[in-house]
Amino acid sequence: SLFTSRIVTRCLVKNILMFKYTLNQKEFTFYSKKNARQRRIIIRPLNQDSFQVSMPKHTTKKMLLEVIKENEKSLIGLKPQLDIIDTMIQSKEVKIFGNVYQLQFGNKMAINHEEKILYINVTRLEHSLIEKALKNALKEILLEEVKQLEVAYQKDFDLSHVQYRFQYMKSKFGSCQPLKKHISLNIELIHYPKVYLEYIYVHELCHLKVPNHSLAFYELMENYIPNHKDLKKSLNHLRKALYKPQALS
């Protein structure tokens, strides 16, 4: 067999299970972590030599190895995504709602729409500080747009006490906890035209009324975003273009 399994070790950090596995005569490292809210096994390449695995809490090592074995060709052909934050910092360019802004450093966060410049508040030109400041700036811009959407939809949804969270997410563009009235949005949405932010935002608002993806949910979505199916498809295409994946060697 082309598949061989090595001794499994458990990392002390974040309870990550790490093991070596050989695919087509090349050894790869797999970093797997169980997630109570995960419904299926998701495997993503980290680089040319390793994969990241997110899986349901009931997943056993045997089950995971079977999935890896069944999907050998697909795994070898997967392309790792670029680090989008690192790419923006290196190029000093940021895509904001369909436009390219030049990234500059200063003593406060500001955005110049006429000259297409985004200033971020950085005290020292260290990568970690720049990354943090850039994410904070993008969150502020995103929150401002979401607040405008709130005004447009508050007559149809109870948005009192709704709390927002913005973060880069790898597997979804948004999520909603109806009982807590918590809505999470992927910061990545700021890199696409505003129509996609509204589509995802309304999707999560609809979950405040219908917590699942039943027929009633999609009927509600149709009332506000009739072309949501087309937007979903085109958004996935935009994501692929944004990350410009590189082939494994």
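These legends accompany several close-up views of the structure shown above. The model is predicted, so local features need pLDDT of at least 70 and side-chain atom pairs count only at pLDDT 80 or more, while totals for chains, interfaces and linings use all residues. Residues are numbered from 1 along each chain as its sequence is written, and side-chain values use heavy atoms, with hydrogens and water left out.

**View 1. The protein chain as a whole.** Let us start with the overall picture. Seven helices and twelve strands make up the secondary structure; these are DSSP runs numbered from the N terminus, with helices (H or I) of at least four residues and strands (E) of at least two. Along the principal axes, the C-alpha atoms fill a box of roughly 60 × 50 × 35 Å. Of the 249 residues, 38% count as buried, meaning under 20% relative accessible area with a 1.4 Å probe and protein chains only.

**View 2. Helix H3 and its buried residues.** Helix H3 spans residues 84-91, and its buried residues are Ile-84, Ile-85, Met-88 and Ile-89. Seen down the axis of H3, these residues fall within an arc of 135°, so they line one face of the helix; the arc is taken from the directions from the helix axis to the C-beta atoms. As a reminder, an α-helix has 3.6 residues a turn, so residues three or four places apart point the same way.

View 3. Just after H3, have a look at Lys-92, which takes a positive phi of about 60°.

**View 4. Stacked rings of Phe-30 and Phe-51.** The whole structure holds ten aromatic pairs: rings of Phe, Tyr and Trp (its six-membered ring) with centres within 6.5 Å, called stacked if the planes are under 30 degrees apart. Phe-30 and Phe-51 form a stacked pair, 5.0 Å centre to centre with 15° between the planes. Phe-30 lies in strand S3 (residues 26-35) and Phe-51 in strand S5 (residues 50-56), so the pair ties together parts that are 21 residues apart in sequence. Phe-30 is buried at 0% relative accessibility, and Phe-51 is buried at 0% too.

**View 5. Stacked rings of Tyr-164 and Phe-166.** The ring centres of Tyr-164 and Phe-166 lie 6.4 Å apart and their planes meet at 10°, so this pair is stacked. Tyr-164 and Phe-166 are both buried.

Methods:
Buried < 20%, exposed > 50% of the residue type's maximum accessible area, 1.4 Å probe, protein only. Phe/Tyr/Trp six-rings, centres within 6.5 Å; stacked < 30°, edge-to-face > 60°.
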